[in-house]
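Hi,

Here is the structure I promised you. Have a look at it first, and then read on for what turned up.

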Amino acid sequence: MSFAEKDLYKDAEFTLEKGEHMGVVGQNGVGKSTLIKIITDTQLPLTGDIKWQKNIKVGYLDQYADIEDNLTLIQFLRTAFADLYKKNETLTKLYETYAETADDKLLERAGTIQDELDSSDFYDVDTRIEQTIVGLGLDSIGRDHLVGKMSGGQRSKIILAKMLLADPDVILLDEPTNYLDVNQIEWLVDYLNNFSGAAMVVSHDYDFLDRITNCIINVAFGKITKYRGNFKKAMRQRKEREEFQQKQYDKQQVEIEKAERFIRKNKAGSKSTMAKSREKKLSHMDKIDPPSTNISASFNFPYEDTGSHEALTVDKLSVGYNKPLLAPVTFTISMGEKVGFSGFNGVGKSTLIKTILKKLPAKGGTAKFSPSAIINYFSQDLAWDNNRMTPMQIISDKYPKLSQRTIRTKLAKCGLDAQNAIKPIHELSGGEQTKVKLAMMEFVPSNFLIMDEPTNHLDEETKEALKRAIDRFSGNVIIVSHENSFYEGLVDKVLNVEKLSLRERAKNETL
């Protein structure tokens, strides 16, 4: 598969065996999500085939699936059992008709359908739906909440819930933890570890992958390599493979250099025949490639000094839309403090941030930044005014005084190569779009970073680079992240939005 001049895979192949739980890893933009689209027939490869066993039922978490907006949450989840509900309706009609006609054939048909419903555990459907609602935290949305009024994260969660309820033979998940909090991720881990079918999971949450996988495929530089074992074992195997490849490459380079030196020295002399023979042998040699290195990212958020001691004071702040989501919140952040916001998804973390920033009106109370506060805000939504514009155009449009060279250099440092810098933004992966947003933040000197789920879609190397940049930043930081490991060693204290209580945290303490 390739797009324009970029090859994603060339003669790539792998097999998903029965019962395998396969993690799909690789840097942003290597084609992990495209691979899932090819496997699900939503995108066609240039060459090659995808072959499934016959009668395999495949469940796919498609975060962009069309859903009927007028359905409630509970109605949508029941569509996972649409066939069973139809059978139950038919059964009811058969009994009603039998009561009028006493036709024994109707009773026989009813008995057959009854057996099918019993064998499918139809009468436990509502219990299963309820367990899934609670497990994935959907009860906070509300069972009668209309799909059309749900956020993108809520829609993703209900699509995941429906897919799991449908009980497929194979599960395909693309970044399933992006909209889940710690408790919901735990529930999903338990579900997958008890799932007897096969699974393919694309994720940059390596802690999650390590707990649910028994094999890994690594997508890199046009190749797909399969490793046995969980994520940590697979990465050890990859490292050993790369070290062996480097040794073989180095050994061959010595041979090549020795042969070329002999050819240069003897091409015109008495040993010219030998030189020509070595030259011919060299031209037919199978060249070993060196292990390719990943595109690295680095970030630097410029700091502008402030003399204020209290950076942010929040007093009895009430937030929400039609009604308050939280009890009144009171806390202060002193100069230089880094704070994490925790709590299950839907509890109001993003709403609290938007209210503090006055992007949403408060229901009561106040939030006051220091008069000298200069805020730099990262929102988790990948929304663009014009998604046909390129990253270069988007940044140039916002900062017209910047030179093209400055913009290109900044994007390159953030891990976006020259080719992707001139592609329409909608053609980039979620991780690549996130890198563009982070690059734009680097043009804004500030003393207060507010970052709402910045790690969504990012590969591990980029997350570590982002973490280092936040740690180096001398000013204040508020971070919302569903990944516990991203907080570790980074924040001074955590505001538990769910419990509405501040608790101090040493920088080396595990969350």
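Let's start with charge: K258, K265, K271, R278 and K281 come together as a positive patch on the surface. Lys and Arg count as positive here and Asp and Glu as negative, while His and the chain ends are not counted. A charge is placed at NZ of Lys, CZ of Arg, CG of Asp or CD of Glu. Patch members have over 30% relative accessible area and no salt bridge, with like charges joined within 9 Å and nonpolar side chains (Val, Leu, Ile, Met, Phe, Trp, Tyr) within 5 Å. A salt bridge, in turn, is a side-chain nitrogen of Lys or Arg within 4 Å of a carboxyl oxygen of Asp or Glu.

Before going further: this is a predicted model, where local features need pLDDT of at least 70 and side-chain atom pairs count only at pLDDT 80 or more, while totals for chains, interfaces and linings use all residues. Residues are numbered from 1 along each chain as its sequence is written, and side-chain values use heavy atoms, with hydrogens and water left out.

Back to the positive patch: α9 (231-266) and α10 (272-283) each contribute at least two of its residues. Helices (H or I, at least four residues) and strands (E, at least two) are DSSP runs, numbered from the N terminus. K271 sits in the loop between α9 and α10. With a relative accessible area of 41%, K271 is partly exposed; buried means under 20%, exposed over 50%, and partly exposed in between (1.4 Å probe, protein chains only).

There is a nonpolar surface patch too, made of I50, W52 and V58, with about 240 Å² of accessible area together (Shrake-Rupley method, 1.4 Å probe, and for residues only the protein chains shown count as cover). V58 belongs to strand β4 (residues 58-60) and is partly exposed, at 34% relative accessibility.

Now some backbone angles. D11 has a phi near 50°, positive although the residue is not glycine. D11 lies in the loop between β2 (6-7) and β3 (21-25) and is exposed, at 74% relative accessible area. H457, also not a glycine, has a positive phi of about 80°. H457 is in the loop between β14 (448-452) and α16 (460-472), and at 16% H457 counts as buried.

Last, a hairpin: β7 and β8 have 2 residues between them, and F221 in the turn has a positive phi of about 55°. The strands, β7 (residues 215-220) and β8 (residues 223-228), run antiparallel and are joined by 6 bridges; strands pair if DSSP finds at least two bridges between them. N218 faces T225 in β8.

Cheers
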